[in-house]
Amino acid sequence: MSTPRGGTSEVLLEVRNLVKHFEVGGGLFGGRRGVVRAVDGVSFSIGRGETLGLVGESGCGKTTTGRCILQLEAPTSGEIFFEGRDLTKLGPDGLRAVRRRLQVIFQDPYSSLNPRMTVGDIIAEPLGVHGIVRGAGARRDRVRDLLRKVGLLPQHAARYPHQMSGGQRQRVGIARALAMEPALIVCDEPVSALDVSIQAQIINLLEDLQADLGLTYLFIAHDLAVVRHISDRVAVMYLGKIVELADRKTLYDDPLHPYTRALLSAVPIPDPELEARREHLVLRGEVPSPLNPPAGCVFHPRCPIAEDRCRSVVPELREVKPGHWAACLLA
Amino acid sequence: MPRTTLLEQGPGLLADPPRATLSRAVDALLDVVDLQTHFVTRGGVVRAVDGVSWDVAEGETVALVGESGCGKSVSALSIMRLVAAPAGRIVGGRVVFKGRDLLSLDEDAMRRVRGREIAMIFQEPMTSLNPVLTIGRQMTEGLETHLGMTPTAARTRAAELLSMVGIPDPARRLVQYPHQFSGGMRQRMMIAMALACEPSLVLADEPTTALDVTIQAQILELMKSLSRRLGVAMLMITHNLGVVARYADRVNVMYAGKIIERGTAREIYANPRHPYTLGLLRSVPRLDEPRRARLDPIEGQPPDLSRLPGGCSFAPRCAFRIERCAVETPPLRPIGAAGPSQGEDKHVSACWEAEHLNAARAAAGGRR
């Protein structure tokens, strides 16, 4: 299968047929053994300077995909090419060098910052560990620059995370990621724990930084409106698989997969007059367990248009129109 | 509006009965007057709810909208008198429910109101269910204590309630434990429990925030159809402006412990007259509009409630502030006194510049 890619820019990251299975059960407490197919054959690429949005509901495998790319999880199989090298084949030394270029921003700025360190130390620590900036004075200057870059003040360096608001803490998390001069940042639900009025501040900041520093983002989120705003291309995941992938405009204006259509229809629009007129396609049932995914198309038990063959034939992610990929027999 | 019991409802009654009238009757079902709830912390006194007044009519859905720490959840807990003492205390105001002030009831009488007449649905069902009791036991408890049902009758009723909220195979489900339910199923069960004693008011605190968007849609549709069918009034507490737009008749917007704007949902969204409401609406990206090159956030940080500035609490973040805002706290005042929306539907805003907001917005090139 070829890898869905877009644009003509140089490919920075290419994921080929990524699989991550977790074994559960057995062990001390017994229980039925089984395999959770968290990520089940995912392929995509991201061009340098591009933002790829990865959307889906909880348990669809979007976060595990991000963690595999970051090498925080060892993939069961598949390849992850970053700046031309396959991360899954690198040894510890090679990985260490690559990790600098590959950073992450987490959802929860409350639990991803060490509460006993000052903001200055949190940002300065990796600068020393990776030998990026040598000397305490130079590191202080660099911290000051980074704080300014993310919209904080130099005096924030002396504060502890608990003395800051949620939005400010997320800015610290961004400064820490930027300290490594990364090429790619995996943003894992970076605004979903923040208040609505603060979300827009952080999204604007991420966009400004991308323009200034030429960053590439893998933007993992469940909020479809936020993903549309920030992404160049969008991939929709369901039960460990990408079910649709296209450029932003195509995916939102002309979705091909019935799951994408249902997701878009489920999002309430902040306009009572419009909502009163809108038809809602409410999906039946719930997401099946990835321990025992349905045969055929994984979406068929909830699909409003499923046919007999959907119960047995697994749809491949195929290029239905140029640049528009969908995994649906009926697309 | 006449109320029928759940048992009289057949599946054929799913069609919507006439909607409870939007304009409030003379006597509200719930009338909260100048409610004040304070918390004593090391950093000083936090006025979590700082003199708010609002009401809910029979059968109506009213939203309390705001961001974390604005006092919306504490408002609901205050009505139920569940604010954690000794740090938290209701220091003033009245909560008049069906003509009685709940704040003056003794604990026994209050216990008969909770669950029986006013029920609550929480954001995270797993933490509000007892993990070591079966679903059946947790559902029948209220039916036996509040309605005096026999254990057998309560069990039959519990099974009916589960099937009413769309949980298949209720008999088997009743002997299961909460961890055996998915998040969406748990929230369905919470709704079934809330409706078990046929309350006239349900307080729903972020009922779908922890759920995925397709499940959120299912749960909200369920709540809406049940509240209409059974004539239950609902207070919906949320930060999600889309959810409010879809389900609320009237909206109260809270900021820093106060209500800063109120009106019908249509009026609030089409014609916001407080800079905070306007800012909230403009800061979210919308799927129904062309993508904007840039979002318009509200600048600054949410306020520290133990150290509020004088005057209007929103002034430090407000693009429309004038000198007066730092000195005098603006009261809630009617918008367009001679407008069509008279009576209890009236649109009110706590902003000195409310009347000029439209003109200022147009000059600044604001949307719509």
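Mentor: The account below starts at the contact between the chains and then turns to the domains, the core, the sheets and some backbone details.

The model is predicted: local features need pLDDT of at least 70, side-chain atom pairs count only at pLDDT 80 or more, and totals for chains, interfaces and linings use all residues. Residues are numbered from 1 along each chain as its sequence is written, while chains are lettered from A and ligands numbered from 1 in the order in which they are written.

The contact between the chains draws 38 residues from chain B and 36 residues from chain A, where two residues are in contact if their C-beta atoms, placed from the backbone, lie within 7 Å. On the side of chain B that touches chain A, at least two residues each come from helix H8 (213-230), helix H9 (241-247), helix H10 (265-270) and helix H11 (275-283) of chain B. Helices (H or I, at least four residues) and strands (E, at least two) are DSSP runs, numbered from the N terminus. H8(B) provides the largest share of this side, 7 residues.

Apart from neighbours within four places in sequence, B:Val243 is in contact with A:Pro268, B:Thr208, B:Leu220 and B:Thr238. B:Val243 and B:Gln216 are 27 residues apart in sequence, and their C-alpha atoms are 9.4 Å apart in space.

Within chain B, the domain assignment gives domain 1 (26-248) and domain 2 (266-287 + 297-363), with bounds that come from an automatic or database domain assignment. Taken over C-alpha atoms, the centres of domain 1 and domain 2 of chain B are separated by 29 Å. Their contact takes 11 residues from domain 1 of chain B and 7 residues from domain 2 of chain B. Strand E2 (44-56) and H9 of chain B each supply at least two residues of the domain 1 side, and E2(B) gives the most, with 5 residues.

The largest nonpolar core holds 193 residues, of which A:Leu218, A:Phe219, A:Ile242, B:Ala192, B:Leu235 and B:Val244 touch the most other members. Such a core is a set of buried Ala, Val, Leu, Ile, Met, Phe, Trp, Tyr and Cys residues joined through C-beta atoms within 7 Å. Both domain 1 (26-248) and domain 2 (266-287 + 297-363) of chain B give residues to this core, so it lies between them. Not counting residues up to four places away in sequence, A:Phe219 touches A:Thr51, A:Leu52, A:Gly53, A:Leu54, A:Cys187, A:Val227, A:Ile230 and A:Ser231.

E2(B) also belongs to an open sheet of 4 strands in the order E2-E1-E4-E5 (chain B), with antiparallel pairing; two strands pair if DSSP finds at least two bridges between them. E2 and strand E5 (100-101) of chain B are the edge strands, each pairing on one side only. Strand E1 (residues 30-41) of chain B pairs with E2(B) in the antiparallel sense over 10 bridges, and B:Thr41 has B:Gly44 in E2(B) as its bridge partner.

A cis peptide bond, with omega of about 0°, joins B:Ala85 and B:Pro86; B:Pro86 is in the loop between helix H1 (72-79) and strand E4 (88-97) of chain B. B:Glu198, which is not a glycine, has a positive phi of about 50° and is placed in the loop between helix H7 (183-195) and strand E7 (201-205) of chain B. B:Glu206 likewise has a positive phi of about 50° without being a glycine, and is found in the loop between E7 and H8 of chain B. With 19 C-beta neighbours inside 10 Å, B:Glu206 counts as partly exposed.

Notes
A residue is buried if 20 or more other C-beta atoms lie within 10 Å of its own, exposed if 12 or fewer, and partly exposed in between; C-beta atoms are placed from the backbone.
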